[in-house]
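Biologist: Please take a close look at the backbone in the loops of this structure.

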Amino acid sequence: MTDAARDCDVVIVGTGPGGATAAHVLTQAGRSVVMLDKGRNHLLALDAPFGPLGHVSNDELKFTRRHFLGPDPLLEPRTYRDTDEDGDHLWVGDVNNLPSTVGGGGFHADGKLPRFREVDFRARSELGPIEGADIVDWPFGYDELEPYYAEAERLVGVAGDHTANPFAAWRSGPYPMPPGPDMFCATLTAAAAARLGYHPYQAPTGVNSVEYDGRPACNNCGFCAFYGCPIEAKGDPVGLLRAALHTGRCEIRPEANVTEIVLDATGKRARGVRYLDATGSVHEVTAEHVVVACGAFESPRLLMRSGVGNPEVVGRYLMYHLQTLVLGLFPFRLHAHRGRAVTHLMDDPIVPDAEALAAARAAGLPYFRGGIVEHGGAGQPIMEAVHLPAGELHSRLMLESPMRDSMAAFTMQGEDLPQATNRIDLDPRVRDVWGRPAGRVTYSPHRHDAVCATHWAPRLEAVMKDAGAHTTFWVTSPPLRAHRRPGADPTPTSRHVMGTARMGVDPRASVCDPHQRTWDVDNVLVTDSSVFPTSTGYGPTLTIVATALRAASLLVGASPTRSPDGDLPES
Amino acid sequence: MNDDTGVRFPPEAIASAAVPSFLTDDELRTLAAATDRLVPPLDDHPGAAALGVADYVDTLLGAFTFDPPRIFAGGPFSGRAGGDASFADFLPLSPLEELAWRTRIEGSRGDPAREFNGPVVGWQERYRAGLAALGADFTDQAAEEQDRRLDADPAFKALCYEHACEGAYSAPEYGGNRDGAGWRAIRFAGDVQPRGYTDEEVSGRD
């Protein structure tokens, strides 16, 4: 099917969940695919049977201190500022870095994979606007996405209990696997939450609870969030990439750094992409379609470099989640370093109750919505150690382990409202190792996010206390203005980055059309969280996979013709 | 050997990885004494000197005297919890990774390839200067005087502390955490693949 003049049918930039999903759909449909990733390959052999390489290990130093999965901030610094008034930047270094390696963000994620709710796709219509934010409806609804959610859960392998969450959207069937074992501290906090009238449930998790898709059940090693899985009990995205490779129609080229999307003479069609290999030699891959799936930080940077995407919008509407961390110290050991990183969630802050509505109105907001509350614990020893003071207190606290082994944590992934001023652009001074301008964040959360955090934090502290914590406290990331310490890292720690090439029905107000194609160059698709018009209060990964499944399926199906005013016929 | 974490540390899997590679014997002694003030022995917790933190730092500073460089340990298993031991088989670096780690360790040294955002002072130079400033007689000083000298250069103290934390609790194949004693002290089993933990160990109270 490949045109003799082209190298492949589709070239995909990025091998994370969005790119891997597109590769799976396209190769299943008989298309030939070349995948390019600027990072190294530590995930799987690129020759049949595409087994694990054995680079992944329970090694805190390698994964959390030495940038093993990339990007190395020395080679690829990013910069950050709150507003334009801050000058060029406030911070240079790691800014929301997600792995830059074959497998992308899926490599290190701990695999909490909730779906969004019906209302999340219609927030503007059903909840209404909020001053200072550009809340919009998604160009399609939950009902249209549901079959793709179900397929995403089957492909990645999600373990969960479909009856457990009273706030969940409707679904066409159960999860493909039952939940894995509960972590000890989450059994305490979930019981307390239920006592206080909340609705905790076992987290849907992309970690095998039984053997699935030829990969073993998780053996609870605990090196989960920020690590790859040494035994491949996490399915995202190794399962999808391996399936694509097995078709014989997919080639993965690691250490292939795409410099630009190459346009034809009309400027309205992409001819392919140009990239640098590990030695710095320039190559071009020509294709009928280009899929951009570099994550919501790097995708707009590539689009901007290439002159693709509505220049009034691309890079704008950057969203994270405003994370509210509520921490509880317990008088006994919790061993949260064993097993999955988070085993329970609750959606209560996403569905405003009378108290939340009253608090919103008192703050001059029509409503606010928080996010899922993750019931988890703390991490590994080096992480605890570097946060302690040097000297005798170091050794005493390492023996007592107030964080690693005695702390339970709620993380509320609060919805972050879209604002045009929050954006990624190019830093005027800082460069990456290839001599290109570094990506720069300009970001200030909407007042909504702070009001919501302030409302929920004490309520979650009450749950922690009821669970048995003797001491509780809370912080947000990014810190609220009043809590900001001079000189401290001002960047949000969230790795949920979204919105920077938003899709919509109006070509003037969006970058991508409802099929995730850029309006101006319609053979370029974006299949990552860049296209999300709103952030919702849920982790983005399952929805990245589901929307990529939809977009890639539409591409190989009866591709609708676009009418001049930008409206699309029903698919 | 067995311990209260229930994890076996077979001696052959934790043979010291330390081979003197950058610091002189005098510098190693000063560094051991200095890091012992930052991570001091207390009750069952060995201090940085006993944990081999100076060897860890020396292995890092001399990483490129080994081939492959001792930056990324191998995998998937160390042998401490079963499987074939492979952590000591360090992974080769890509050209860009080598550039980054040589810049970090050796400094940019006027090389334009390492100075795309300006000059970088490397860790080798910082340790050489920082240890010299602590004084050749550092190890002879009382604890209070050692602390005073460490406090005189907060940036160097912070660098030593970060590396002491890494050296105390990272996999022994990186040169520190001698015999896994850092993990044992804090009741942490370290790497546990392919054994893992049972569901009861995850869900139950210890």
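Modeller: Helices (H or I, at least four residues) and strands (E, at least two) are DSSP runs, numbered from the N terminus. The model is predicted, with local features needing pLDDT of at least 70 and side-chain atom pairs pLDDT 80 or more, while totals for chains, interfaces and linings use all residues. Residues are numbered from 1 along each chain as its sequence is written, and chains are lettered from A and ligands numbered from 1 in the order in which they are written.

In chain B, the loop between helix H3 (53–61) and helix H4 (95–106) contains Pro76(B), which a cis peptide bond with omega near 5 degrees links to Gly75(B). Chain A has a cis bond from Ala48(A) to Pro49(A), where omega is about 5 degrees; Pro49(A) lies between strand S2 (33–36) and H2 of that chain.

Positive phi values form a second topic. Glu232(A), which is not a glycine, has phi near 60 degrees and sits in the loop between strand S5 (200–202) and helix H7 (238–246) of chain A. Glu232(A) counts as buried because 21 C-beta neighbours lie inside 10 Å (buried: 20 or more other C-beta atoms within 10 Å; exposed: 12 or fewer; partly exposed: in between; C-beta atoms are placed from the backbone). Arg187(B), also not a glycine, has a positive phi of about 60 degrees and belongs to the loop between helix H8 (181–185) and helix H9 (199–203) of chain B. Arg187(B) has 17 such neighbours, so it counts as partly exposed.
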